[in-house]
Amino acid sequence: MRVWMAQREGDDPREACGIVGLCSEDRPAAPLVMMALCALQHRGQESAGIATSDGHVAYLHKGMGLVSQIFHEGILRSLRGHLAIGHTRYSTTGVAHLQNAQPFLSETLLGPLGIAHNGNLVNALSLRRRLLERGVGLSSGSDSELILQILASPPEAWGFAMALEPDGDPWVLRLRSLLRLSPGAYALVVLTRDAIYAVRDPYGFRPLCLGEWEGGYVVASESCALSMIGARYVREIAPGEIVRLNPRGVTSFAGGIPPSPAFCIFEYVYFMRPDSEREGGTVYAARLALGRQLAREAPAEADLVIGVPDSATAHAIGYSLESGIPFVEGLLKNRYVGRTFIQPDDRTRKWGVRLKYSPLREVLQGRRVVLVDDSIVRGHTTRQLVQLLREGGASEVHLRIASPPIRHPCFMGIDMATYEELIAHRLDEEGIRRFAGADSLAFLSLEGMRQAIQETMPVPEGGYCTACFSGRYPAPLPEEIQSHPFPKLAFEGIRSVR
């Protein structure tokens, strides 16, 4: 049975989370991690947490809600130490309870161990069974706890015989065990008594970058988190790489041989913040290029171009620049609503859209409008947006989508619905147009998406993961998840009461 949040907001795909790991030489680490998490708030808004180490003791605080609601000056003062990891979460495996909030922190024979991760383990169910068979008790439905328990065990417990590194670091061996046990799809930060470790799975599905400033080193899901604390972007953590941060500097270890690295292309389309960069290219430039390519492939006779705020604004500007049709704000977004927590039925779903968006009548009245969005998943939000524009006076609404049709679920850490829920799996382009009530509809081609991104961003070794569009999954998929991308992990004998 697939785990759903109690209520879902809209049709957008959801990223798993944002992570930060930091080693500070000259000041407490917790306030810096909190600032970095604020820059990653777009990657998850359900819960957040920070774990720190002062070289002797580890400290932890986490809660439900936004970063700014959870951490205040008194809490930050109590999180002592120059080492810290942080996490902001949207749940994929595990429901939205505090017990599933990250980081997870535990005591081991090697001292305190804290972990926070972005993504999910594709073989979580089989790993969970192996742990339970070994007598390991689990207290949550999050696969993050599985990672914690794997790292708490020596490689020999999993049947691996590994030689220590020259400097004798046992945590590197345990991280290598994890990379062997689960090929993806995750980026991970680990807190120990005297170091921070950062890891990307061998396929490199999820993003993770390294930064530095005069007072230390930091790793984060996106470079916008580095900028927030005044750090300089250095590079991406490579697929399968293990990086250690401590007061002596940064050390890289080979963790796993990348089978064929495949970075999630949807990060550029939707998830990453526009001001984030990856090795010289910016997400904003990539989205402009996607919009330009969309205008070349799917022109429209129209008076105005508008984007669905905020994720499709750059795409819409690119479409406008290429087509010559003026870009305007036709939809205003209410930035103070937050999650609407409405029941997912047709009568009430539209209330969530109306709470979030309002049409600008004086702009739309009697105009032919190109509405640019980044993607269509289930289609319900798209239909309501088209209706809002018509109620606002638009005479025609031409839908243009800056990515191909999403016909396949994501099994690599993104909550993107099941086959039955994906409208492009059930309907062809004309059927989606009729469902949405638009005058015309066009999607960007898969080749056009690749071309546009390659013009502005460095192409990762091995290329991109495009499975949600193409159905070609880079990693082998266990049978147990192919019909349920985020299966229920909670033990049936335990119920959490809030």
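Reader: Which residues of helix 5 are buried?

Author: D143, S144, E145, L146, I147, L148, Q149, I150 and L151 of helix 5 are buried. "Buried" is a relative accessible area under 20%, "exposed" is over 50%, and "partly exposed" lies in between, with a 1.4 Å probe and protein chains only. A helix here is a DSSP run of H or I with at least four residues, a strand is a run of E with at least two, and both are numbered from the N terminus. You're looking at a predicted model, in which local features need pLDDT of at least 70 and side-chain atom pairs count only at pLDDT 80 or more, while totals for chains, interfaces and linings use all residues. Residues are numbered from 1 along each chain as its sequence is written, and side-chain values use heavy atoms, leaving out hydrogens and water.

Reader: What makes you say that helix 5 is largely enclosed?

Author: Count them up: nine of its nine residues are buried, so the rest of the structure largely encloses helix 5. Those buried residues pack against strand 6, strand 7 (111-119), helix 4 (124-133), helix 6 and strand 8 (186-191). Contact, by the way, means heavy atoms within 4.5 Å.

Reader: How is the packing of helix 5 and helix 6 described, by angle and by distance between the axes?

Author: Helix 5 (residues 143-151) and helix 6 (residues 170-181) meet at an angle of about 130°, and their axes are 9 Å apart. Those axes are lines fitted to C-alpha atoms, for helices over the stretch in contact, and the angle between N-to-C directions can run from 0 to 180 degrees. That angle makes helix 5 oblique to helix 6: under 35 degrees would be roughly parallel, over 145 roughly antiparallel, 65 to 115 roughly perpendicular, and the rest is oblique.

Reader: Which residues make the contact between helix 5 and helix 6?

Author: I147, I150 and L151 come from helix 5, and W171, R174, L175, L178 and L181 from helix 6. The residues of this contact split into seven nonpolar, no polar and one charged.

Reader: How do you know what span is expected for helix 9?

Author: Take 1.5 Å times one less than the number of residues. Helix 9 (residues 283-297) has 15 residues, and its 21 Å from first C-alpha to last is close to the 21 Å expected. Among its buried residues are V283, A286, R287 and L288.

Reader: What makes E279 partly exposed?

Author: Its relative accessible area is 48%. E279 sits in the loop between strand 16 (277-278) and strand 17 (281-282), and E279 has a positive phi of about 50° although it is not a glycine.

Reader: Why do C23 and A302 count as buried?

Author: C23 has 0% relative accessibility, so C23 counts as buried. A302, at 15%, counts as buried too. C23 belongs to strand 2 (residues 17-24), whereas A302 lies in the loop between helix 9 and strand 18. C23 and L83 are 60 residues apart in sequence, yet 4.8 Å apart in space, C-alpha to C-alpha. Leaving aside neighbours within four places in sequence, A302 is in contact with I325, R368, V369 and V370.

Technical notes: Ala, Val, Leu, Ile, Met, Phe, Trp, Tyr, Cys and Pro count as nonpolar, Asp, Glu, Lys and Arg as charged, and the others, Gly among them, as polar.
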